[in-house]
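I am opening a notebook on a structure that is new to me. The entries below record what I looked up, one topic after another.

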Amino acid sequence: MMRQYELVERVQRYKPDVNEALLNKAYVYAMQKHGHQKRASGDPYFSHPLEVAAILTDMHMDEATIAVALLHDTIEDTSATRAEIDELFGPEMGKLVEGLTKLKKLDLVSKKAEQAENLRKLLLAISEDIRVLLVKLADRLHNMRTLDHMPESKRLRIAEETMDIYAPLAGRMGMQGMREELEEIAFRYINPEAYRAVTARLAEIFERNKDVLSEIEKALSALFEKHAIKASVKSRQKKPWSVFRKMETKALSFEQLSDIFGFRVVVDNVDDCYRALGAIHTTWSMVPGRFKDYISTPKQNDYRSIHTTIVGPSRQRVELQIRTKEMNKIAEYGVAAHSIYKDTGGKANGAGHAISKETNAYSWLRRTIEQLAEGDNPEDFLENTKLELFQDQVFCFTPKGMLIALPRGATPIDFAYAVHTDVGDTCVGAKVNGRIMPLMTELKNGDEVEIIRSKAQVPPAAWESVVVTGKARAAIRRATKNAIRKQYSGLGARILERAFERAGKTYTKESLKPVLHRLARKDIEDVLTSVGRGELASSDVMKAVFPDYKDERVTVTAPKQREEGWSKIRNAAGMIFQMPGTRAAKKGKDQPRDGAVPIRGVRGDLPVRFAPEGAVPGDRIVGIVQPGTGITIYPIQSPALQAFDDQPERWIDVRWDIDERTKERFPARISVTAINAPGSLADIAQVVAANDANIHTLSMVRTAPDFTEMLIDLEVWDLKHLNRLLSQLKDNSSVSDARRVNG
């Protein structure tokens, strides 16, 4: 186990003015707190934070970060408290250590939800200070290096979590060396058979090609010497996971892989990068489509380099990366390679460091975390985080030249949401390179995208399956939920207004505030939405507001009392529609009924659907609350209503409220008995079309030698329209009978 002085010496090699007192204090405190705790390997637990600190010294991190690494498990696994660490090391370090502490005693039903909530907490802490991320990645790397000692039941879960979250996160922060090691170890546990096969094959290929690699290195070095370019050339071999992933995603065999080996050319400055490229391209032929300039257009993780593939000295493909020493350092260590800390002075214990400038990678992470943290449930958060981490990018532009980086496979919808959530929510179309293109178009590098917007637009729920970015998916899901919530909230308000009116009370939203705790809802909108969904009965709300309230509605279940029972139920519930022949029934569809909920159709502002047999303006109708789905509209004569005789609380008084300016057809079901002869179906379809109706579905329910009975779901304007259509069908020579089906 590394001793105190050895840790200090490691830091002194790159930071001679190290704050030894801080490191010594953190070392002793952590060692005392962890005491006799043991790891799964049997080693003293304190050896783990020491190894994490050692990994960070390899990245040349400051002493405050090293001290946090020593302390990172104290709050979670020992008797240490945040207050104690604040007092000894200052509130800044206390905050960092707490950010690395997992949430305990989470009252969550699934392991996935628990994992997501801990990830959310970690990412929010990272967004405030990048050092939390550096310590966490070093912590995960050491845990992966010692994964053999963990119980077998935990190994796969930890390896999968590493592959899903921590390795991509390291990659997005530009820490390629750490990403590759995390992926390789995780691959070994997730798919050991494939790992062994790929590793063995790579070793075999390297042995067979080592002389060729040496020859290419010499040829490149000689070329640069000839052009007076100071450069180092080193061959590199793809890592097992990278090879396996490419074989899987592109369905390639080992023999088809052209970039198992590559060469890295490191020069002194940017000018030499392009001079080296010119020397290479004028000596050997470039492979078309295999050139990328990440110096002029860096990746979001700050990676900069020139990539090219040539047909090399031995007539084989050679992949080259050309970069400066500084670029090489950033490619290896990412955000850890940047000098992002400055001494702020006056802070105790040497922890006085603050971020002086943000890297592109860290700026991206902060923006992403802000977007992801906007109220998604844990499972959605986890899914969207993974979507944001796995991004192979394309670069597109707005008409004003702003660069937008998107994952491969992104659509104009993703582009719109990347610009701004409001742009995505109001997107109705897009121009790609000046041409109007479908919103499902896959964008390519260099595309110029112009978004066409409309304030009347609400993003369709179906977009969620089209987009590929977590931001777009989360925003669409949020907009859909808000639209549905608004519908149910409006319905709930109308139901409660009627319930209050029935009890002789005046309904106000303020009257619900004092009883939110009794209803187990966090706000008034939640109450209204729950009532609209049928999850909360209006009578329960009345009892909460008025403890002495009694529901005097009648329940009738005896079949022989059904006709009389329906009337009692409806009258008791305050429903004013009546059976045929009564005075209320003669008021007509255009006369509003007090307290009745107006129905405009499935595209109205309420969560409404129609019963299978349909209902059309002119029908007397009733609404039945279906918990979780809204209101189902039935014609009053529907036999299906018998099933709700004993549930009066689900009956809703509804009336037609048709907007003449907005033409909308309504569903109706008819049964047609046609003569079994060629052309009969065409005759029926012609009558329907001539009457400006629309066939939605058609099925043959019974076929006899002479007749065929068809069940047809139609869309018509109203009852008069339906009756006219039935009359003309009956008059047709191909039709024996046509009638409406009610249930």
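Before anything else I noted how pairing is decided: two strands pair if DSSP finds at least two bridges between them. Helices (H or I, at least four residues) and strands (E, at least two) are DSSP runs, numbered from the N terminus.

I also noted that this is a predicted model, in which local features need pLDDT of at least 70 and side-chain atom pairs count only at pLDDT 80 or more, while totals for chains, interfaces and linings use all residues. Residues are numbered from 1 along each chain as its sequence is written, and side-chain values use heavy atoms, with hydrogens and water left out.

**Entry 1: the four-stranded sheet**

I looked up an open sheet of four strands and found the order S21-S22-S20-S23, with antiparallel pairing. Strand S21 (694–703) and strand S23 (735–740) stand at its edges, and each has a single partner strand, so one side of each has no neighbour in the sheet. On average, neighbouring strands here are turned by 20° against each other, direction ignored; for such angles, axes are lines fitted to C-alpha atoms, for helices over the stretch in contact, and angles run from 0 to 180 degrees between N-to-C directions.

Which residue in S23 is the bridge partner of Ser671? I found that it is Arg739, and that strand S20 (residues 666–675) and S23 pair in the antiparallel sense over five bridges. Helix H26 (residues 719–731) packs on this sheet and touches S20, strand S22 (707–716) and S23, its direction making about 165° with that of S23. Contact here means heavy atoms within 4.5 Å.

**Entry 2: the three-stranded sheet**

I then turned to an open sheet of three strands, whose order is S12-S11-S13 and whose pairing is antiparallel. The edges are held by strand S12 (435–437) and strand S13 (449–453), each with a single partner strand, so one side of each is left without a neighbour in the sheet. Neighbouring strands of this sheet are turned by 35° against each other on average, direction ignored.

Strand S11 (residues 427–432) is joined to S13 by five bridges, and I noted Arg453 in S13 as the bridge partner of Cys427. Helix H18 (residues 412–419) lies across S11 and S13 and runs at about 85° to S13.

**Entry 3: cysteines and burial**

How many disulfides does the structure hold? I found zero, a disulfide being a pair of cysteine sulfur atoms within 2.5 Å. Cys427 counts as buried at 0% relative accessibility, and Cys396 is buried with a relative accessible area of 0%; buried means under 20% relative accessible area, exposed over 50%, and partly exposed in between (1.4 Å probe, protein chains only).

Asn191 is partly exposed, with a relative accessible area of 28%, and I placed Asn191 in the loop between helix H11 (176–190) and helix H12 (192–226).

**Entry 4: a helix pair**

Helix H6 (residues 82–89) and helix H7 (residues 91–99) pack at an angle of about 140°, their axes being 7 Å apart. Among the residues that meet, I listed Ile85 and Phe89 in H6, and Met93 and Val97 in H7.

**Entry 5: the chain as a whole**

Last, I noted that the protein chain has 26 helices and 23 strands, and that buried residues make up 48% of its 743 residues.
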